[in-house]
Amino acid sequence: MSSANANGVSGSSNNSREKTYKKTTSSTLKGAIQLGIGYTVGNLTSKPDRDVLMQDFYVVESVFLPSEGSNLTPAHHYPDFRFKNYAPLAFRYFRELFGIKPDDYLYSICKEPLIELSNPGASSSLFYLTSDDEFIIKTVQHKEAEFLQKLLPGYYMNLNQNPRTLLPKFYGLYCVQAGGMNIRVVVMNNVLPRSLKMHYKYDLKGSTYKRRASRKEREKSCPTYKDLDFVDMHEGLYFDPETYNALMKTLQRDCRVLESFKIMDYSLLLGVHVLDQGNRLRDGSDWKRTLTQKVLYSTAMESIQGDGKANEALTADNTMGGIPARTTRDDKLLIFLGIIDILQSYRFIKKLEHSWKALVYDGDTVSVHRPNFYANRFLKFMSTRVFRKTNPNRYSPSKRQRNSIPALKFSSQEVLSSQKDEKREQRIDRLGGARSLASLDGPAFWSYSRPDLVPQTPNQYEATSTRHNLPPPSIYVTDRYLDARSNERRAIGSTFTLEDSAICLTSEQSTMEIDRDDDSVLDVYF
């Protein structure tokens, strides 16, 4: 039996039987891929750079590599095979667009043996990972390779318009002819880094029909769960508003591109790493290797940012290019994601599959569906069940407690406001009817004996200084109450503020009541 590590990397034990694919052992296939890519990409460097033409998308170069070698090819210990390179100039442009130099591309693929990965899907495809964690090599069926060839011109146009995308980045399409069989492989970007443990992995389509991980898959050390598993295990992944909007905008744009190509049945590969300050990386070498990654727009954070920073700046904060997120329990996460399996078009066979399943089950819940419906269902599931926007006050209980204070204050102000209106009317009546107050003067009052005069409005400087620096009002009494009331007025002046007009009116009313009861003339100054 093959063993798998925490991220699904499988390795064969000594007494296990080696995997075969189309009558070719996995070790032979890996060696043929490395030899073929090394020869074809190496020879491509001698060709001059030029603009990509339409016919470049349909060019196929072929070379025969015998085991004893030739004048042009090296000798090797594998059976004789022929190696084909599809659209070499077009894929060279794609690699240059993502900042991949030919030497780096060859070094990543050919320097060390490829690492075989386990396949959690229903297909029988083989997956290989380069030792530097940069590239995934996947075997594809003839129809998928043929569809990718037809897709290349539109893919070229989309990458020119927006290289920041969650769609797969294709770096090469090749074919190994060995033992009378054609084995087609595609080189893509790696979504989930091995140097960081993925505590949860999901393959999400937005459908619910048979979308649970099988019992065999669940028994793995790092299983790949599906849609219904995510709904059962999580209440959603929460992002800050800016990150959420950027993520959903990228998903919407990518889904519309896939819809225009009549592509459906794609998935969102989602990796969740729960941050642990004590054990974040597996070893220091992987961390150093990650810091030297040279592929542009290869991380999840780079793919969703409109004007992202350089790759070095993004990895310098120990996020490994992941997107920070939280759970409902405030657990800190790093999210890695990308859209995969886009080489499924809504052809006649897929239409028959949907029609048959729709007769037995609910047609809207099955995975295979027409592209427009599939895209809308996919986006709805991602935006409502998987990814959610954080509330600014969500993780601050103190803010919620503080928010309850204004509510009480508002309710008390409503009561004070009604009292203030009544006291203002009483004050106006007193000021208008009392002859002893006719000598009041100041910016806040006007003479009621001269109704033709309009109160003056203070200038901007005076208004500003009044609003910020106005001291508490002092009440000066020119009669025998000066000594008796001095301490009481100091207490009133120390608590007198402009924020609470009800207290202000109460103090004025009490002062005027003193004047009325004791027949004393008061001079009031603000």
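# How the terms apply here

Guide: Leaving out residues up to four places away in sequence, I263 touches F147, L151, L258, I342, Q344, S345 and P371. Touching, or contact, means heavy atoms within 4.5 Å. This is a predicted model, in which local features need pLDDT of at least 70 and side-chain atom pairs count only at pLDDT 80 or more, while totals for chains, interfaces and linings use all residues. Residues are numbered from 1 along each chain as its sequence is written, and side-chain values use heavy atoms, with hydrogens and water left out.

Visitor: Why does I263 count as buried?

Guide: Buried means under 20% relative accessible area, exposed over 50%, and partly exposed in between (1.4 Å probe, protein chains only). The relative accessibility of I263 is 0%, so I263 counts as buried.

Visitor: Where is I263 found, and how many residues separate I263 and Q344 in sequence?

Guide: I263 sits in the loop between α7 (241-260) and β15 (267-274). I263 and Q344 are 81 residues apart in sequence, with 5.8 Å between their C-alpha atoms.

Visitor: What makes a stretch a helix or a strand?

Guide: Both are DSSP runs, numbered from the N terminus: a helix is H or I over at least four residues, and a strand is E over at least two. On that basis the chain has 16 helices and 20 strands.

Visitor: How do you know that the span of helix α1 agrees with its number of residues?

Guide: The expected span is 1.5 Å times one less than the number of residues. For the 19 residues of α1 (residues 26-44) that gives 27 Å, and the end C-alpha atoms are 27 Å apart, so the two agree. Helix α1 is also mostly covered, with 14 of its 19 residues buried.

Visitor: Why are α1 and α3 described as roughly antiparallel?

Guide: Axes are lines fitted to C-alpha atoms, for helices over the stretch in contact, and angles run from 0 to 180 degrees between N-to-C directions. Angles under 35 degrees count as roughly parallel, over 145 as roughly antiparallel, 65 to 115 as roughly perpendicular and the rest as oblique. Helix α1 packs with helix α3 (residues 102-110) at about 170°, with the axes 10 Å apart. The pair is therefore roughly antiparallel.

Visitor: Which residues of α1 and α3 meet?

Guide: From α1 come Q34, I37, G38, V41 and G42, and from α3 come Y105, L106, I109 and C110. By class, this contact has six nonpolar, three polar and no charged residues. Here Ala, Val, Leu, Ile, Met, Phe, Trp, Tyr, Cys and Pro count as nonpolar, Asp, Glu, Lys and Arg as charged, and the others, Gly among them, as polar. As background, an α-helix has 3.6 residues a turn, so residues three or four places apart point the same way.

Visitor: What makes α2 largely enclosed by the rest of the structure?

Guide: Seven of the 10 residues of α2 (residues 88-97) are buried, which is why α2 is called largely enclosed. They are P88, L89, A90, F91, R92, F94 and R95. They pack against α1, β5 (60-65), β6 (81-86), α3, α4 (142-161) and β10.

Visitor: Strand β10 has come up, so to speak; why is L173 buried, and why is Q177 partly exposed?

Guide: Both L173 and Q177 are in strand β10. L173 has a relative accessible area of 0%, so L173 is buried. Q177 has 24% relative accessibility, so Q177 counts as partly exposed. Beyond four places in sequence, contacts of L173 include F91, A145 and V185, while those of Q177 are D80, F81, R82, K84 and N182.

Visitor: What is the phi of K23, and why does K23 count as exposed?

Guide: Most residues other than glycine have a negative phi. K23 has a positive phi of about 65° although it is not a glycine. K23 lies in the loop between β3 (20-21) and β4 (24-25), and at 80% relative accessibility K23 counts as exposed. D330 is not a glycine and has a positive phi of about 70°. At 35% relative accessibility, D330 counts as partly exposed.
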